[in-house]
Amino acid sequence: MPSKNDRGKFMWGVATSSYQTEGGINNNDWHYFTTSNSIKKRISTLTRQSIFYKNIRHLQLQPAGDAVRFWDSKYYLKDFDNAKSLGLNSFRISLEWARIEPERDQWDQNAIDSYRKMLMSMRDKGLEPIVTLNHLTLPLWVLTPPIQFKKRIYQYLMPNPIRQLPLDNPPSSDPFWRSLRGWENEETVREFVKFVEIVVSEFKDLVDYWITISEPVASVIGGGYLAGISPPGFFLDGKRTRSVLHNLIEAHVQAYDKISELDDTDANNDESPKNVGFSHLMMIVQPPFNSRDSVDVEAAKNFSYFINNYFLNAVMNGEEDVNYLNTLERYNKDSRNFRINSRWKQKTDFIGLNYYRLLRVRKSQMVRISNAKFIGGAPLSDLSLSNDFVGRLNDLGWEIYPQGLYEIIRSLREWNKPIFITENGIADKSDTLRSHFIIDHLKEIKRCLDDNLNVIGYLHWSLMDNYEWHEAYKQEGKFGLFQVDRNQPDLPRVMTKGAEVLSKLINEPNSTSPSS
Ligand code: BGC
C-alpha cells in the first residue's frame with residue numbers, strides 16, 4: 001500500500017477500549033447499569049418489543065468482570081506480540097477515567113503508572129500508541145445511571161413496554177441526582193477537561209495520536225438518550241439529547257484546545273508533535289430495502305444528517321444548527337435556527353472514522369410524537385428477522401456494505417482533513433466472513449488512495465474477542481482477529497483466518513492492491 005501519512009507510514013493497527021478489555025473495573029456507569037436488577041428488567045422489556053430499536057435478540061446485560069485481563073502485563077505483552085506478529089505498527093487503547101480519578105479530584109498514581117508501563121511496552125514493541133480519552137464509560141461520581149423513573153399518568157394505564165418506558169425524570173431520591181448526571185451537565189465537561197489535562201501532561205512524551213471522544217453521537221446519544229439501552233438510559237429524550245450533544249461538542253473542542261496547549265512534545269521526533277481527533281461512527285443510512293414510502297426516505301435522510309453530519313459540521317465549521325434542520329435549510333442561515341461559533345471552528349487534526357455497516361431507518365410514530373422527532377426515524381438495528389436488506393449480515397444482524405466506506409470517505413473530502421479509519425470490523429463467531437470482509441474493505445481503501453483521498457491509517461476492531469456492550473460474552477459479539485476461549489482459565493488467544501488475511505495484505509511487499 002502506498003503511504004499517505006506525513007510520517008511516511010500508513011498506520012496499520014487494531015482498536016480496543018479499556019472497559020471492554022482490561023477487567024476489574026467496577027466503579028463506572030456501565031458496571032452499575034449492568035448489575036442493577038431493575039435496570040436490567042427495564043431494558044429487557046424495552047428491547048424484547050420492537051418499539052424503537054428493533055429487537056436486540058442477543059441482549060445480555062452483564063458487567064465486563066475480568067474482560068480479557070488486558071490490565072495485566074502478562075496478557076497485554078502477549079497481545080502486543082500478537083499484533084506485531086501480524087505486521088501491525090499501531091495500537092489503539094483507551095484510558096479508563098474511573099481508574100485514574102476514582103473519586104472527584106482523587107488521582108490514582110498507581111493507575112497512571114500502570115498505563116505508563118503499558119504505553120512504554122507498546123512503544124518498545126514498535127507499536128505507535130493511539131489513545132482515546134473517553135470510550136463510552138464514565139466514573140460513577142460523574143454518572144450514576146437512574147434506576148427508576150417517575151411515570152407519566154397515562155403510563156400506568158398502558159401495557160408493557162409503554163408502562164416501562166423511561167419517559168419522565170428519575171425521582172429526586174435516585175442516586176442519579178447526587179452524581180454529576182453525565183454529559184447533560186456542563187460540569188462534566190469541566191471535569192473531563194481537568195482529566196484530559198492530567199493524563200496528557202503525564203503521557204505526552206509517549207503519545208502523538210489522541211482521540212478525544214469515541215462515537216459521541218451514535219453511541220453516547222443513540223444508546224443513552226434515544227434508544228435507552230445504554231447509560232444513563234433515557235428514551236427518546238430530545239431535550240436531554242440537545243444539551244448532551246452541545247456539551248459533547250464543547251468537551252471535544254475544549255479537550256482539543258487543552259491538548260494543543262500542553263502537547264508540544266514529539267514522541268516520534270518528527271514534524272508533527274500531536275494529532276488530535278475524535279472517533280466518529282458513520283453509516284450509510286437508507287430506508288428499508290422493501291420500502292418505497294417517501295416518508296421512510298425522509299426519515300433515513302434526517303437520521304443520516306443527525307448521526308453523520310451534525311457533529312462534524314460543528315467542529316469543522318463551528319455550526320450549531322439549533323433546530324436540527326437539514327443541510328439545505330441550514331444554508332438559508334436563518335439566525336433563529338443557526339449559530340456560528342468561531343471557538344468551535346477547525347477543531348480536529350484528522351477525522352477518525354468508525355465504519356461497520358449500512359443502517360436501515362424507517363419512519364416511526366413513536367419518534368414523531370416525541371420531542372426527539374428531529375432524529376427523523378427509527379433504526380432497524382438487527383435485520384436478521386426481516387427481509388429489508390440486500391447485503392450479507394454479520395452475527396448481530398448488521399448489513400455489510402464495503403463500498404459505503406469509499407462513499408463516506410469521498411463525502412468527507414469537503415473538510416480537507418486526513419481520514420483515519422479508527423474502527424472497522426465484523427462480529428463473526430465462525431470466522432467464515434471475516435477474511436472477505438477485510439479484503440472487501442481494504443479494496444475500498446485502495447480505491448480511496450488511488451483517488452488521492454487522504455487516508456492515513458486503518459485500525460481493525462478488534463485485536464481479540466472482548467466484552468461487547470449489549471451481548472457481553474455471547475457468541476454473537478465476537479469481533480476479534482484472535483478468538484478468546486473463555487472456557488480456558490488462561491483465556492488463550494487463537495489466530496483467526498481473518499487475521500492471516502489481514503497480515504498477508506499488509507506485508508505483501510510492493511503490493512498496491514490489498515486484494516492481490
Ligand atoms: C464501538 C466498540 C464496539 C464496536 C462493536 C463500536 O461502535 O466503539 O466499542 O465494541 O462498535 O459493536
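This report walks through selected local features of a predicted model.

## Basis of the model

The model is predicted, so to speak of local features requires pLDDT of at least 70, side-chain atom pairs count only at pLDDT 80 or more, and totals for chains, interfaces and linings use all residues. Residues are numbered from 1 along each chain as its sequence is written, and side-chain values use heavy atoms, with hydrogens and water left out.

E423 has a polar side-chain atom 3.0 Å from a ligand oxygen. For E468, the distance from a side-chain N or O atom to a ligand oxygen is 2.5 Å. Taken alone, the ligand exposes 310 Å², and the protein buries 95% of that. Areas come from the Shrake-Rupley method with a 1.4 Å probe; for residues, only the protein chains shown count as cover. A polar contact is a pair of N or O atoms within 3.5 Å; within protein, one must be able to donate a hydrogen and the other to accept it, and residues adjacent in sequence count only if both atoms are side-chain atoms.

## The largest pocket

The largest pocket holds about 390 Å³ of space. Its lining has 18 residues, and R152, L167, L236, D237 and N371 are the closest to its centre. The lining divides into 8 nonpolar, 4 polar and 6 charged residues. α10 gives the most, with 3 residues.

Pockets are found on a 1 Å grid over the protein atoms alone: a pocket is an open set of points where a 1.4 Å probe fits, with protein on both sides within 12 Å along at least five of seven lines, and lining residues have an atom within 4 Å of a point. Grid points are joined across faces, edges and corners, and the volume is the space filled by probe spheres set on the points.

## Helix α11

Helix α11 covers residues 294–317 and bends by about 45 degrees at N309. The bend is the angle between axes fitted to the seven residues ending there and the seven starting there. D293 caps the N-terminal end of α11, with a side-chain oxygen 2.8 Å from the backbone nitrogen of V295. Just after the helix, G318 takes a positive phi of about 75 degrees. Helices (H or I, at least four residues) and strands (E, at least two) are DSSP runs, numbered from the N terminus.

## Loops and cis peptides

N160 and P161 are joined by a cis peptide bond, with omega about 0 degrees. P161 lies in the loop between α7 (153–157) and α8 (186–203). The bond from P231 to P232 is also cis, with omega near 0 degrees. P232 belongs to the loop between α9 (216–226) and α10.

S386 is in the loop between β9 (378–380) and α14 (403–411). A polar atom of its side chain lies 3.3 Å from the backbone nitrogen of D388. The C-alpha atoms of S386 and P288 are 9.6 Å apart, though 98 residues separate the two along the chain.

Notes: Ala, Val, Leu, Ile, Met, Phe, Trp, Tyr, Cys and Pro count as nonpolar, Asp, Glu, Lys and Arg as charged, and the others, Gly among them, as polar.
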